[in-house]
Amino acid sequence: MRTINILINKELNNCFNTWGIYIGYLIFFCVCGFYIWLSNNNIFYLGQATMMPVFTIINWTQFFLIPALTMRSLADEKRNGTLELLLTKPIKTSELISSKFFSNLILAAIALILTLPYYLTISLLGTVDHGTVLLGYFGLLCMAACYISIGIFASSLAKTRVAAFFIHYGIGLCFQTLFGMAANQFHNDPFAYILNYLSMEEHFDTLARGILDTRDIIYFCSVCTIFLALSRFFVSKSRF
């Protein structure tokens with residue numbers, strides 16, 4: 001655990017010593033703010049104090065920004081030759097992958113914290129179900145964790161940032177939209193149930209509506225575990 005903490009601190013120091021993360025936070029905050037207050041579907045147009053449209057835009061914004069955050073995770077280590085150096089030290093592959101995952105998750109959590117002023121403002125405009133909001137933010141954090149695990153996996157496959165970026169989008173789009181769209185084509189077919197279960201949107205919508213279902217928690221944990229295990233497998237191959 002001490003090794004993981006050291007690696008996490010190293011990752012966070014590297015991130016906060018560059019302008020990129022601050023620009024990313026600014027873009028995230030502004031895009032969400034524009035949609036909530038100035039777009040055609042703003043909160044005043046809806047006429048009710050609800051966080052659902054806020055959660056929707058936050059979800060899609062982090063879907064597009066997290067690949068830019070994770071694409072450098074392992075691809076940069078390969079390009080700079082530091083991955084081989086790390087693998088020669090007494091650091092387990094699982095510790096390296098875990099540090100990448102948790103450092104990026106902390107950065108994603110900070111981005112979600114930046115949206116709290118929107119929640120506080122909306123709560124002043126009307127009555128908000130605070131329990132539903134809490135589960136909604138928990139769902140967003142789960143979605144971010146899945147995006148990050150997919151991004152680390154993409155970065156473990158690719159040798160450049162750009163390749164990792166597009167691999168992430170290809171896989172992410174399947175879980176974000178394509179599985180759900182395909183499920184609608186099969187209607188009541190058993191295959192539709194499988195595709196619906198694979199769709200992240202289905203599980204996120206349940207949490208955003210204030211329903212806590214263990215099946216959703218199992219789903220998010222499974223997606224993270226599978227992609228992080230695959231990342232560990234491909235990085236471990238570099239040791240040989």
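**Reading pockets, helix contacts and ring pairs**

Modeller: Let's start with the second largest pocket, which has a volume of about 230 Å³. Keep in mind that this is a predicted model, where local features need pLDDT of at least 70, side-chain atom pairs count only at pLDDT 80 or more, and totals for chains, interfaces and linings use all residues. Residues are numbered from 1 along each chain as its sequence is written, and side-chain values use heavy atoms, with hydrogens and water left out.

Colleague: Which residues line the second largest pocket?

Modeller: On a 1 Å grid over the protein atoms alone, a pocket is an open set of points with protein on both sides within 12 Å along at least five of seven lines, and lining residues have an atom within 4 Å of a point. Here they are Tyr193, Asn196, Tyr197, Glu202, His203, Thr206, Asp213, Arg215 and Asp216. By class, that's two nonpolar, three polar and four charged residues. Asp, Glu, Lys and Arg count as charged; Ala, Val, Leu, Ile, Met, Phe, Trp, Tyr, Cys and Pro as nonpolar; the others, Gly among them, as polar.

Colleague: And what volume does the largest pocket have?

Modeller: About 500 Å³, a volume being the space filled by probe spheres set on the grid points. Of its 21 lining residues, Gly20, Ile21, Gly24, Ala68 and Leu69 are the closest to its centre. Helix α2 gives the largest share of the lining, six residues.

Colleague: How do the axes of α9 and α12 cross?

Modeller: Helices are DSSP runs (H or I, at least four residues), numbered from the N terminus. Axes are lines fitted to C-alpha atoms over the stretch in contact, with angles from 0 to 180 degrees between N-to-C directions. The axes of α9 (residues 130-157) and α12 (residues 200-208) come within 7 Å and cross at roughly 155°. They are therefore roughly antiparallel, the word for angles over 145 degrees. Contact means heavy atoms within 4.5 Å; residues making it include Leu135 and Phe138 of α9 and Phe204 of α12.

Colleague: How many aromatic pairs are there?

Modeller: Rings of Phe, Tyr and Trp (its six-membered ring) pair if their centres lie within 6.5 Å, and planes over 60 degrees apart count as edge-to-face. The whole structure has 20 such pairs. Phe175 and Phe179 have ring centres 5.2 Å apart and planes at 90°, so they are edge-to-face. Both lie in α10 (residues 161-186), four residues apart, about one turn of the helix.

How values were computed:
Helices (H or I, at least four residues) and strands (E, at least two) are DSSP runs, numbered from the N terminus. Angles under 35 degrees count as roughly parallel, over 145 as roughly antiparallel, 65 to 115 as roughly perpendicular and the rest as oblique. On a 1 Å grid over the protein atoms alone, a cavity is a set of points where a 1.4 Å probe fits but cannot get out, and a pocket is an open set with protein on both sides within 12 Å along at least five of seven lines; lining residues have an atom within 4 Å of a point. Rings of Phe, Tyr and Trp (its six-membered ring) pair if their centres lie within 6.5 Å; planes under 30 degrees apart count as stacked, over 60 as edge-to-face and the rest as tilted.
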